[in-house]
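Look at the model first, then read on.

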Amino acid sequence: MDDIFKSLKEWIKTTITDVVDKLVAIRIAELEGTLLKRKEVAEMLRIDVTTFDDYYRYMDGFPRELPAKRWSKLEIIKWLENTGA
């Protein structure tokens with residue numbers, strides 16, 4: 001009987017891990033595809049658009065501007081994590 005419970009436990013554990021991994025991959029793909037405009041970046045940083053333009057937009061290390069004046073949401077999240085903000 002213990003073998004059945006061990007097998008069931010491993011199956012549940014593997015299933016949950018697989019589902020969580022898939023959900024994380026979906027979320028990362030969603031964030032990678034999300035591009036933000038200046039105003040949205042400023043809102044995300046909780047600053048004024050003018051402050052974003054003056055201090056963050058061209059700051060060394062800040063995620064680079066993509067075509068059509070957009071920024072990757074995922075890159076901004078990574079930047080925030082690395083700066084401790």
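Helix α2 (residues 38-45) and helix α3 (residues 49-56) have axes that come within 8 Å and cross at roughly 90 degrees. The two helices are therefore roughly perpendicular to each other (65 to 115 degrees counts as such). This is a predicted model: local features need pLDDT of at least 70, side-chain atom pairs count only at pLDDT 80 or more, and totals for chains, interfaces and linings use all residues. Residues are numbered from 1 along each chain as its sequence is written, and side-chain values use heavy atoms, without hydrogens and water.

**α2 and α3**
- Arg-38, Lys-39, Val-41, Ala-42 and Leu-45 of α2 meet Val-49, Phe-52, Asp-53 and Tyr-56 of α3 (contact means heavy atoms within 4.5 Å).
- By class, this contact has six nonpolar, no polar and three charged residues.

**α1 and α4**
- The axes of helix α1 (residues 2-32) and helix α4 (residues 73-83) cross at roughly 105 degrees and come within 6 Å.
- That makes α1 roughly perpendicular to α4.
- Ile-28, Leu-31 and Glu-32 in α1 touch Lys-73, Leu-74 and Ile-77 in α4.
- Four nonpolar, no polar and two charged residues make up this contact by class.

**Surface**
- A nonpolar patch on the surface has about 1000 Å² of accessible area together (patch residues have over 30% relative accessible area and no salt bridge, and nonpolar side chains are joined within 5 Å, like charges within 9 Å; areas use a 1.4 Å probe; a salt bridge is a Lys or Arg side-chain nitrogen within 4 Å of an Asp or Glu carboxyl oxygen).
- Its members include Met-1, Trp-11, Ile-16 and Ile-28.
- Ile-16 lies in helix α1.

Technical notes: Axes are lines fitted to C-alpha atoms, for helices over the stretch in contact, and angles run from 0 to 180 degrees between N-to-C directions. Helices (H or I, at least four residues) and strands (E, at least two) are DSSP runs, numbered from the N terminus. Angles under 35 degrees count as roughly parallel, over 145 as roughly antiparallel, 65 to 115 as roughly perpendicular and the rest as oblique. Ala, Val, Leu, Ile, Met, Phe, Trp, Tyr, Cys and Pro count as nonpolar, Asp, Glu, Lys and Arg as charged, and the others, Gly among them, as polar.
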